[in-house]
Structure formats: structure tokens, C-alpha cells
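Dear colleague,

Please find the structure below, handed over for your work.

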Amino acid sequence: MGVQANLDQIFEKALTQGKTIYKNKEALELKWTPPRLIGRDRELEALGQHVSRMIDTQRNISILGTIGCGKTVCVKYVLPRFEKKAQAFGKKVKTIYISCHDVPSTSDILAYILNRLKKPDERKIPNRGWYQAMYVEKLESYAERFDAVIICLDEVDIPVERGYDGVIRTIVETPNTSLVTISNKPNWYEKLDPRIESRLQLRELHFDSYDVPALYSILEDRARIAFKDGIIKFPPGGGQHEGLFNIAKICYDVAGDARSAIELLRASGELLEQGYDTDITPKLIEKARKEVEVAGFVKQIGGLALHQKFLLYAICELAKLAKPTSGKMYVPLSKALQLYKSIAAKKGKEILTDRRLRTYLDQFEMYGFIERKTISEGGRKGRPTYIKPLFDVKKCLEALEES
Ligand SMILES: Nc1ncnc2c1ncn2[C@@H]1O[C@H](COP(=O)(O)OP(=O)(O)O)[C@@H](O)[C@H]1O
Ligand SMILES: [Mg+2]
């Protein structure tokens with residue numbers, strides 16, 4: 001390496017000495033692209049086969065698999081490589097990846113696609129103010145210029161759930177254009193208009209969850225890139241690092257999910273940085289797990305409205321008092337509403353009606369926060385409703401206090 005290339009390293013080393021344990025912290029982010037994909041040979045090959053046939057015939061595939069099994073990362077690996085290879089063989093292929101999480105509505109998605117297909121000197125396509133037919137017509141005229149257009153809708157269940165399935169119809173009805181969908185909900189297409197579903201003729205590609213060795217290798221690759229040498233104490237001679245192996249095993253036992261494994265590695269890194277321990281040990285992993293869990297709650301709870309937080313707080317407080325041994329984990333709804341009211345009053349806020357609060361409870365149930373039960377107690381009391389929190393009450397309280 002020349003002096004010039006070395007200078008950067010010299011400066012960086014001096015500026016960061018004693019301050020950071022990281023060499024490349026971004027490698028612990030979920031969106032960071034890993035240099036190699038582990039344990040996905042079968043999926044990559046099948047995907048490659050499917051995609052390469054899209055040049056001759058229009059065909060659509062549906063990728064399914066649980067969260068964190070590498071669906072997104074594999075598609076993002078394959079599509080641009082196919083586009084490049086086709087180009088080298090004189091074929092005009094355009095591949096477009098869209099995360100429907102970020103761009104959920106039909107017009108947003110279509111405008112995004114058109115802006116990727118248009119020539120640089122053509123006018124930008126607006127995502128508002130156009131009739132659907134105008135997008136359809138434009139897409140047809142743009143797609144004609146290519147041998148194949150391949151569009152990937154990641155998290156496709158989101159627009160379908162919201163009734164924006166027009167985008168799927170448009171893509172399927174456009175000549176030269178094929179669709180790759182990704183979802184972790186195996187039944188997402190049951191919500192489609194049956195006419196669209198039959199046109200789609202989706203072929204399915206299932207991604208398995210990861211086993212322990214795969215999760216370990218994914219973690220090891222990231223750790224070696226992310227941390228400075230010697231921070232994670234790998235045994236000499238290429239043996240396995242016990243802490244990383246533990247993370248892999250924990251995440252295998254839960255769901256075989258690379259996403260949670262990476263999150264746990266990142267949280268472990270933060271604790272290492274704080275000097276909690278000198279390596280990733282069982283004690284440190286345990287603490288990191290708790291922090292990830294609380295952070296997950298904080299994220300979910302952060303999105304709740306103020307009164308929803310009050311109500312959740314009331315449920316948690318009552319559940320804390322209830323003794324699980326006496327079978328009283330269920331909190332009486334009437335008491336929860338009462339406590340909510342006194343919390344809201346204490347905070348100087350207007351008290352919401354019971355009806356509003358019940359719709360909040362419907363939402364909590366939908367999010368999987370709680371379960372409701374009506375228990376017949378006989379007599380003239382009627383059938384009171386009870387609420388059972390499905391989460392760790394202590395952690396939820398911590399998260400509520402933080403949010
Ligand atoms: N086979 C793999 N090799 C390396 N990293 C992977 C692999 N599979 C997943 N990852 C990483 O794990 C995280 C989750 O993967 P992702 O593709 O987003 O999963 P999914 O889309 O199935 O939920 C990402 O940060 C990704 O880079
Ligand atoms: Mg994904």
C-alpha cells in the first residue's frame with residue numbers, strides 16, 4: 001500500500017485510539033450489505049433460475065419465509081447481477097427493487113417504478129395527481145423499450161392489506177414485465193382480487209430459517225469486519241468463539257432469524273464499548289438480550305398515542321400487583337379503566353370515553369400485547385371482562401417510563 005493510502009489509516013488510528021472498539025460499526029446495522037451470503041446456495045440458485053427465464057417469458061414469483069431468513073438480502077444480490085450480465089449479452093433488462101414498507105400506495109409505487117425506467121432527459125413522474133390509467137399507459141410505453149422489466153415488491157402484504165393491489169394488476173398486465181414478491185405472510189395473496197390472483201400464476205420459492213452453523217458464520221463475518229482486532233477474542237487456529245456461538249444458538253432456538261442475531265451482536269457491542277465486560281460472555285449476552293427486548297418495546301410503544309400509553313401503563317401496574325399463583329394474572333377491565341382515568345386526570349389530560357378506550361384495547365389485542373377474556377361469575381354481576389398482558393410487564397413498564 002502506498003503512503004497516501006496509509007495516511008488515512010494513520011490518522012484514523014490516532015483519532016480513534018482508546019475511544020472505540022469498532023473498525024467498521026456500520027457492519028452491525030441491518031441495512032449494511034454483507035460481502036458474502038451464507039447458507040443460501042439453494043435459494044440463490046433457484047432465484048437465479050426463475051429470474052433468468054423472465055427474459056423470454058413473463059412470469060411471476062413469490063418469495064416466502066419467516067423474518068430474517070435472508071429474503072431481502074438475496075433478492076438484492078441477484079437482481080442487479082442479472083441486469084449487468086444481461087447487458088453484457090446485449091439484452092436490455094431493468095430490475096427494480098421496492099420496499100413497500102417505505103412506499104406503500106399504488107401511485108407512490110408506480111411513480112417510483114416509472115422514474116427508474118424513464119430516460120434521464122424525460123420528465124419526472126409525479127406520485128400525485130395522475131389517474132391510474134395514465135400510469136398504466138406510461139408503464140407500457142416504457143417497458144416496451146426493454147427486453148424485460150423485473151419488479152420486486154418487498155413486503156408486498158403491506159399494500160395488499162391496505163387495498164392497494166392495483167399496482168399488482170398493473171404490473172401483471174404490462175407486457176415485458178415480471179413480478180417478484182417478497183413476504184413473510186404465506187397467505188398474503190388471499191387478500192387479492194381473485195381475478196388478479198389467477199392472472200398472477202405465482203410460483204413460490206420458500207426460504208428456510210437458518211441453522212446454528214449458518215447463524216454463527218453470519219455473526220462471525222460481521223464481527224470480524226465490525227470490531228477492531230482483539231476485541232472479540234477468537235480462539236487461535238480458527239476455532240469457534242463461544243459468545244458468538246451462544247448468540248447463534250439463542251436465535252436458532254427462537255426462530256432461526258439472522259436479524260435478531262445481528263441485533264443481539266450490536267447490543268453486545270454497545271455493552272463491550274461501555275466496558276461491561278472484556279468479551280462477549282454469557283453474562284453480557286443476557287444483559288444485551290434484555291436491552292434488545294426493552295428497545296423493541298420502546299420502539300413499538302413510541303408509536304402509541306399518549307392515552308394508549310396511559311392505558312397500557314394502568315394495565316401493567318395492575319398486572320404487577322396481581323399474583324400469578326392465585327390465577328389472577330388477568331386484570332379486571334373495570335379496574336384498568338379506573339386506573340387509566342386517575343392517571344389521565346393526574347397528568348391534567350382530558351379523560352377519553354370508555355368507547356374510545358375499548359378501541360384501543362382492540363388495537364392492543366391486534367398487536368399481540370394483550371388477550372381479553374370474559375369470565376362468567378354467576379350471580380347478578382354479569383360477565384366481567386379481564387385483560388391478560390402477553391408481554392413481560394416489568395420490561396413494558398421500563399419502556400413506558402423511557403418513552
Ligand atoms: N445468508 C446471509 N448471509 C449474510 N447475512 C445475512 C444472510 N441472511 C441474512 N443476512 C443479514 O441478516 C439481516 C436480515 O436479512 P434480510 O434479508 O433482511 O431478511 P428477511 O428479508 O428475510 O427478513 C440482514 O442484515 C442481512 O444482511
Ligand atoms: Mg426483508
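On the surface, V3, L7, I10, F11 and L15 form a nonpolar patch with about 530 Å² of accessible area together. Patches are made of residues with over 30% relative accessible area and no salt bridge, where like charges are joined within 9 Å and nonpolar side chains (Val, Leu, Ile, Met, Phe, Trp, Tyr) within 5 Å; a salt bridge is a side-chain nitrogen of Lys or Arg within 4 Å of a carboxyl oxygen of Asp or Glu. Accessible areas come from the Shrake-Rupley method with a 1.4 Å probe, and for residues only the protein chains shown count as cover.

This is a predicted model, in which local features need pLDDT of at least 70 and side-chain atom pairs count only at pLDDT 80 or more, while totals for chains, interfaces and linings use all residues. Residues are numbered from 1 along each chain as its sequence is written, chains are lettered from A and ligands numbered from 1 in the order in which they are written, and side-chain values use heavy atoms, with hydrogens and water left out.

L15 belongs to helix α1 (residues 3-16) and is exposed, with a relative accessible area of 61%. Here buried means under 20% relative accessible area, exposed over 50%, and partly exposed in between (1.4 Å probe, protein chains only). Helices (H or I, at least four residues) and strands (E, at least two) are DSSP runs, numbered from the N terminus.

The protein chain is divided into domain 1 (3-32 + 211-301), domain 2 (41-206) and domain 3 (304-402), with bounds from an automatic or database domain assignment. The centres of domain 1 and domain 2, taken over C-alpha atoms, are separated by 34 Å.

Strand β4 (residues 177-183) has 7 of its 7 residues buried, so it is largely enclosed by the rest of the structure. β4 pairs in the parallel sense with β1 (residues 60-64) over 5 bridges and with β3 (residues 148-154) over 6 bridges; two strands pair if DSSP finds at least two bridges between them. I63 has I182 as its bridge partner in β4, and V149 stands opposite T177.

An open sheet of 3 strands has the order β6-β8-β7, with antiparallel pairing. β6 (331-332) and β7 (370-374) stand at the edges, each with a single partner strand, so one side of each is left without a neighbour in the sheet.
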